[in-house]
Amino acid sequence: MDALYSSGVLFAEMLQAGPPWLERFWLSVTFLADPKCIFIIFFPLAYFLDRKVGLAVLWIGLVSEWLNIVAKWLLFGERPFWWVYESGLSSKEEVLLRQFPVSCETGPGSPSGHCMITGAALWPIVTALTALASRHSTSRLVKLTPFMVYFLLLLAVGLSRIFILAHFPHQVLGGIVAGAVLGWMLEACVPAERKLSFYLATSLALLLSAIGLHWSMVALGVDIDWSIHLATKWCLNLEWIRVDTRPFASLCRDTASAAGLGLATHSSLYTQLRDERPGWKQRAVGAGLALAALQGLNDVGQPENIVL
């Protein structure tokens, strides 16, 4: 593993030695591929284009993020920004690496959540665009374009994560493969017209199973917070340590989204509007209002207390 990590650090050095203008590009890509953007950007946009696709994006996003949390707890992946110091590599040879405000994530590094969750959640959009292209063109190139763009996007996301020292190349590759497989598998399992109890039970199951796994590992003597300690120790600026990068922050988002989806789809207003076909202007206004509301909620300060 040390040899694999060392080669990953060399690759990150090569990326950071690239043209200065690429830095802004990589930072923009890693921001747009943040798992929270699935919930506050991609879901509302997809929903107002097609309700079925939008619900699939939200459902696959929350399930794949929960699976990513569990996988990270079990795989114990290092992150480059702390490994170069913990391994002693920085003392043996000159390592020309820079940290960024988005580098200091506190969860384990394997597999990449940005690649895995984004790859899974965007799969319904890609298949919908492929079906749309197939209806309007017989060209194989046109039909394959959505998937080509999809994999190029995931490749760019992976490179951006290596660039900011959040992941090693093998973690990125694992995330891309896991995301595509999950998207393909889960697209056929998106619940439609299920009872409210199903969504509430799913939310509770996601919460209790993750907490149960956490407590079980603690009971077995495993330091489940090891990555948080290392991130705090080696981050160049403690202000870059964000509460929303902790695994339990993601868990809160997933369980709340599952419950919220059930409450929303069983509201009287949704029942009245479910069968309506709004025009493009109505959809655009709805998407704009949803994006503004979600961005406003995202900007609300989080409590400093870690338990809260």
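Me: What percentage of the 308 residues of the chain count as buried?

Reply: Buried means under 20% relative accessible area, exposed means over 50%, and partly exposed lies in between (1.4 Å probe, protein chains only). Here 44% of the 308 residues count as buried. This is a predicted model: local features need pLDDT of at least 70, side-chain atom pairs count only at pLDDT 80 or more, and totals for chains, interfaces and linings use all residues. Residues are numbered from 1 along each chain as its sequence is written, and side-chain values use heavy atoms, without hydrogens or water.

Me: How many helices and strands make up the secondary structure?

Reply: Both are DSSP runs, numbered from the N terminus: helices are H or I with at least four residues, strands are E with at least two. This chain has 15 helices and zero strands. Its radius of gyration is 20 Å, close to the 19 Å that the globule rule gives for 308 residues, so the chain is as compact as a globular protein of that length. That radius uses C-alpha atoms, and the rule is 2.2 Å times the number of residues to the power 0.38. Along its principal axes, the C-alpha trace spans about 65 × 50 × 35 Å.

Me: What share of the contacts do residues 24 or more positions apart account for?

Reply: A contact means heavy atoms within 4.5 Å. Take the contacts with a separation of 6 or more: residues 24 or more positions apart account for 84% of them.

Me: Which residue forms a salt bridge with Glu65?

Reply: A salt bridge puts a side-chain nitrogen of Lys or Arg within 4 Å of a carboxyl oxygen of Asp or Glu. The count here is six. Glu65 pairs with Arg253, with the closest N and O atoms 2.5 Å apart. The pair links distant parts of the chain: Glu65 sits in helix H4 (residues 51-75), Arg253 in helix H13 (residues 247-265), 188 residues apart. Glu65 is buried at 2% relative accessibility. Arg253 is partly exposed at 21%.

Me: Which residues do salt bridges that share partners join into one network?

Reply: Start with Glu105. It forms a salt bridge with Arg161, the closest N and O atoms being 2.7 Å apart. Glu105 is in the loop between H6 and H7, whereas Arg161 is in helix H9 (residues 140-163), 56 residues away. Shared partners join Arg79, Glu105 and Arg161 into one network. Glu105 also bridges to Arg79, where the closest N and O atoms are 3.5 Å apart. Arg79 lies in the loop between H4 and helix H5 (80-86). Now check burial. Glu105 is buried at 9% relative accessible area, Arg79 at 1% and Arg161 at 0%.

Me: Which two residues does a cis peptide bond join?

Reply: Read the omega angle. It is about -5° for the cis bond that joins Ser110 and Pro111. Pro111 lies in the loop between H6 and H7.

Me: Is Leu165, with its positive phi, buried or exposed?

Reply: Phi of Leu165 is near 70°, positive in a residue other than glycine. Leu165 is in the loop between H9 and helix H10 (169-186), and it is buried at 3%. Glu193 also has a positive phi, near 55°. Glu193 is in the loop between H10 and helix H11 (196-219). Glu193 is exposed, with a relative accessible area of 61%.
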